[in-house]
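Work through the following exercises with the sequence and the coordinates at hand. Each task is followed by a solution in steps.

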Amino acid sequence: MRFTLNGAPAEVEAPPMKRLLDVLREECALTGSKEGCGEGECGACTVLVDGMPVVSCLVPFAQVRDAEVVTIEGLGGTHPLQKAFAELGGAQCGICTPGMIMAAVALGPDPGFEEIRRGLAGNLCRCTGYEAIYRAVQGASA
Amino acid sequence: MDLLEPRSLDDALGMLRQHAPLMPLAGCTDVFVALQFGTETARRFLNIWGLDELRGIDVRDGVLRMGALATYTELGRSPLVWEHLPMLVAASREVGGMQIQNRGTLGGNIANGSPAGDSLPVLAAADAVVVLRSLDGERRVPFTEFYTGYRATVIRPDELIVAVEVPPVEGAQWFRKVGTRAAQAISKVVMAGVRAPRPRIALGSVAATVVRLPQTENALAAGSTLEEAQRVLRQEIHPIDDVRSTAAYRLRVAANLLGQFWAETG
């Protein structure tokens with residue numbers, strides 16, 4: 001099946017009902033997307049499909065046919081959000097971080113504080129208390 | 001697990017006729033959770049996510065028509081929904097988080113039939129109509145007659161929900177969901193109301209299905225005081241204790257929500 005993965009054409013064979021999260025981690029060897037809950041509650045597996053954040057644990061592989069999928073690896077490690085999370089304490093244990101960053105990417109440049117709170121409401125973090133994450137998202141636009 | 005991949009709505013209806021039962025898959029925000037929990041009994045699925053005929057939101061002759069695949073994100077951003085059914089905008093913005101709003105669909109919320117479904121009290125209070133289609137044609141079912149019991153509906157195995165139609169709603173619309181937190185939480189009680197000469201009130205999470213409250217509506221329409229109407233409401237619903245809340249809490253909150261609805265729309 002063909003789709004676009006992190007900007008490059010991809011052709012991957014996998015069962016159509018396999019979770020996108022598992023295809024990314026197992027077939028594509030992209031292990032940045034994490035499985036937290038597996039039921040769409042925690043946001044750790046967030047990726048962009050056609051520019052919109054979705055939880056990849058609730059997406060069957062068949063539904064990304066011809067779509068553009070972007071994972072945390074697609075940001076290349078140098079994205080302003082990645083730097084800000086590292087420098088401003090937005091990441092502690094790190095499990096929620098890829099999903100947080102992908103949800104934050106979808107907010108676009110310079111989001112307002114309420115926009116950030118709302119945009120990240122689908123992502124759970126058990127370390128930071130969220131304030132450092134909000135600071136990092138704001139810091140990335142500074 | 002088998003997944004059938006129709007190329008058009010007619011193709012999908014043909015597959016349903018030939019291969020039913022099939023579980024339609026739209027945004028998968030309920031079905032994939034059930035698969036993960038091991039509670040989903042279906043093993044053959046129909047991928048309708050790509051059927052553009054089921055998308056789109058428009059108004060014809062004053063009737064708001066929302067395609068079954070309209071996502072919460074689309075509903076929450078639609079100028080037509082803002083204009084005609086603002087209580088659905090409010091409901092859509094409180095479903096899950098952004099990730100769920102990008103995938104969850106109106107048709108899916110109806111088909112899943114959870115008593116806690118966020119959009120369902122809105123559709124009940126709006127006197128919405130569910131448009132079902134099979135190879136034999138379309139039929140329209142009033143939303144208030146759509147459920148026959150807990151997660152049981154009138155939908156036949158060869159039918160798909162294709163759209164929801166909402167006739168013009170006169171009066172101020174109101175919605176509130178009460179849960180443990182704003183996002184990613186299933187409601188303990190959820191209410192939608194329309195403040196018209198005959199008020200319309202619907203509640204979720206207090207019965208096996210979403211319910212309208214005709215006795216409470218009648219009391220208010222007849223000029224009862226709010227306190228009298230709240231007494232009627234407490235007699236009219238029979239919520240249960242469950243993992244999310246208690247019957248006593250739900251009764252109290254439902255009565256309080258009626259008060260808030262009345263105060264904020266008066």
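Helices (H or I, at least four residues) and strands (E, at least two) are DSSP runs, numbered from the N terminus. This is a predicted model, in which local features need pLDDT of at least 70 and side-chain atom pairs count only at pLDDT 80 or more, while totals for chains, interfaces and linings use all residues. Residues are numbered from 1 along each chain as its sequence is written, and chains are lettered from A and ligands numbered from 1 in the order in which they are written.

**Exercise 1. Describe the build of chain A: what is the order of its elements, and what is its radius of gyration?**

Step 1. Chain A holds five helices and five strands. Read from the N terminus, their order is β-β-α-β-β-β-α-α-α-α.

Step 2. The radius of gyration, taken over C-alpha atoms, is compared with the globule rule, 2.2 Å times the number of residues to the power 0.38. For chain A the value is 14 Å, close to the 14 Å that the rule gives for 142 residues, so chain A is as compact as a globular protein of that length.

Step 3. The C-alpha trace of chain A spans about 40 × 25 × 25 Å along its principal axes.

Step 4. A residue is buried if 20 or more other C-beta atoms lie within 10 Å of its own, exposed if 12 or fewer, and partly exposed in between, with C-beta atoms placed from the backbone. Of the 142 residues in chain A, 46% are buried.

**Exercise 2. Characterise the packing of α2(A) against α5(A): at what angle do the axes cross?**

Step 1. Axes are lines fitted to C-alpha atoms, for helices over the stretch in contact, and angles run from 0 to 180 degrees between N-to-C directions. The axes of α2 (residues 80-87) and α5 (residues 131-140) of chain A come within 8 Å and cross at roughly 135 degrees.

Step 2. Angles under 35 degrees count as roughly parallel, over 145 as roughly antiparallel, 65 to 115 as roughly perpendicular and the rest as oblique. The angle therefore makes α2(A) oblique to α5(A).

Step 3. Two residues are in contact if their C-beta atoms, placed from the backbone, lie within 7 Å. On α2(A) the contact is made by A:Pro80, A:Leu81, A:Ala84 and A:Phe85, and on α5(A) by A:Ala136, A:Val137, A:Gly139 and A:Ala140.

Step 4. Ala, Val, Leu, Ile, Met, Phe, Trp, Tyr, Cys and Pro count as nonpolar, Asp, Glu, Lys and Arg as charged, and the others, Gly among them, as polar.

**Exercise 3. How many residues of chain A are in contact with chain B?**

Step 1. In chain A, 22 residues are in contact with 22 residues of chain B.

Step 2. β4(A) gives the most to the side of chain A that touches chain B, with four residues. By class, that side has 12 nonpolar, eight polar and two charged residues.
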